[in-house]
Amino acid sequence: MSVTSRRRFAAIALASVAVLASATACGDDSSSGSDGGKVNLVVDVFGDQGFGYEELYKQYESEHPNVKIQERGKGLGLGDYNTRLTQQITAGAGAGDVVALEEGTIVQFFAQADKFVNLADHGANDLKGNFLPWKWEGGLTPDGKVLGLGTDVGGMAVCYRSDLFKAAGLPTDREQVGALWPTWDEFIAQGQKFVAADKKHKFVDSATNFYNIVLMQKAGEGTGYTYFDKSNKLTVGENPDVRAAFELTTKMTAAGLSNNLKSFSNEWNAGFKNGSFATIGCPAWMTGVIKGQAGDAATGKWDVAKAPGNGGNWGGSWLAVPKSSKHQKEAAELAKFLTSAKSQTEAFKKVGNLPSSPQALEDPAVLAATNDYFSGAPIGKIFAAGAKELKPVYLGPKNQAVRDAVENALRSVEQGKAADAAWQDAVKNGEAAGK
């Protein structure tokens, strides 16, 4: 998920404390549950809005009276969550019975697959058709074990402030807006028109956000990977898709379109409240973030249009079961329930997380879904179309660390550094981070 929400609420020191606390909070129940004894299951998630499972937990508990579910991590940023989970998995203690693994970090756990339950041993292979092919494959280890079952996918669109577009003399109808930018170069051209007419607001929140969207599109249509090839060789400076996305992003910055905000920072959050930018790269889960940060005062000011190019994805997760769980069988059954087509549809209705199940993507409740906050936009139709167009992209074991290094280089351009020098920094620091 992503989401994906990568807001960093806690320092690493706090994450370390959480490891110790959670080590005593999870797995203390000595009953196996297989004989009808009471079973306490802990589900670890992350992000501002969580995964939208609250009502699903209640349903599962009512259908399984011996099971009690506790969720942890809602409101915790991905970085701190992943640091904590990595420590827990390495230690073999403290992790939840069911844990969320995000798209940019799941590959790093392949090397520790022996510390996770192979969900194929609990009938997961029979569920293969319940997931988009690329999503199913993303949860498999190189030797074919089912490490995780897919939750959501990001999908991709552009969310925009229709009131700011109107004031700048641009169309506001979502179909017309999407037609403005069939390509990213056209997107930049429209942004130049916007900033020429509006001296108070910027066109985009952050150049780095759009960089990641462009990179995933170009990699899907090109090499099929980003910073690591499929043999896990570092390719930061060699991959033409990375270079092309970097150059397009610095072009966006040079045109004066970016508000220079770091995603999920306090300043970025304030940007929503203040209405300081007009567009944002918008996977499905971002709609919940925007509503949460912009608040009720912005109801009806936001809308959703097709993103430039074809398809795209940002975020999405899998649910896995660590072997440290005292209730592996019960945890696997819960993971299967939470990732079913019906449950994915319910999570979409709750928080906007786009299903990775093709059956759920065809569900009338998804396809016909509109969002009143976003001017009645047909979000189900828009995001489902983007998800089906997506071509899979391989992300290596240290993807997040390399991505952070490249994003830091892009932010230095926003602060005035020459693009060529920033590219050299991206390659040098990215390769160092990926070793």
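Gly295 lies in the loop that joins helix H11 (286-294) to strand S8 (302-305), where helices (H or I, at least four residues) and strands (E, at least two) are DSSP runs numbered from the N terminus. The model is predicted, and local features need pLDDT of at least 70, side-chain atom pairs count only at pLDDT 80 or more, and totals for chains, interfaces and linings use all residues. Residues are numbered from 1 along each chain as its sequence is written, and side-chain values use heavy atoms, with hydrogens and water left out. Apart from neighbours within four places in sequence, Gly295 is in contact (heavy atoms within 4.5 Å) with Ile290 and Tyr373. Between the C-alpha atoms of Gly295 and Lys273 the distance is 7.0 Å, with 22 residues separating the two in sequence.

The protein chain is divided into domain 1 (33-154 + 316-362) and domain 2 (157-313 + 377-433), with bounds from an automatic or database domain assignment. The domain centres, taken over C-alpha atoms, are 28 Å apart. At the interface, 17 residues of domain 1 are in contact with 22 residues of domain 2. About 1,700 Å² is buried between the two domains, 59% of it on carbon and sulfur atoms; buried area is the accessible area (1.4 Å probe) that two parts lose on being put together, summed over both. Zero salt bridges are found across this interface, a salt bridge being a side-chain nitrogen of Lys or Arg within 4 Å of a carboxyl oxygen of Asp or Glu.

A helix pair was also examined. Val242, Arg243, Phe246 and Thr250 in H9 meet Ala419, Ala422, Trp423 and Ala426 in H18.
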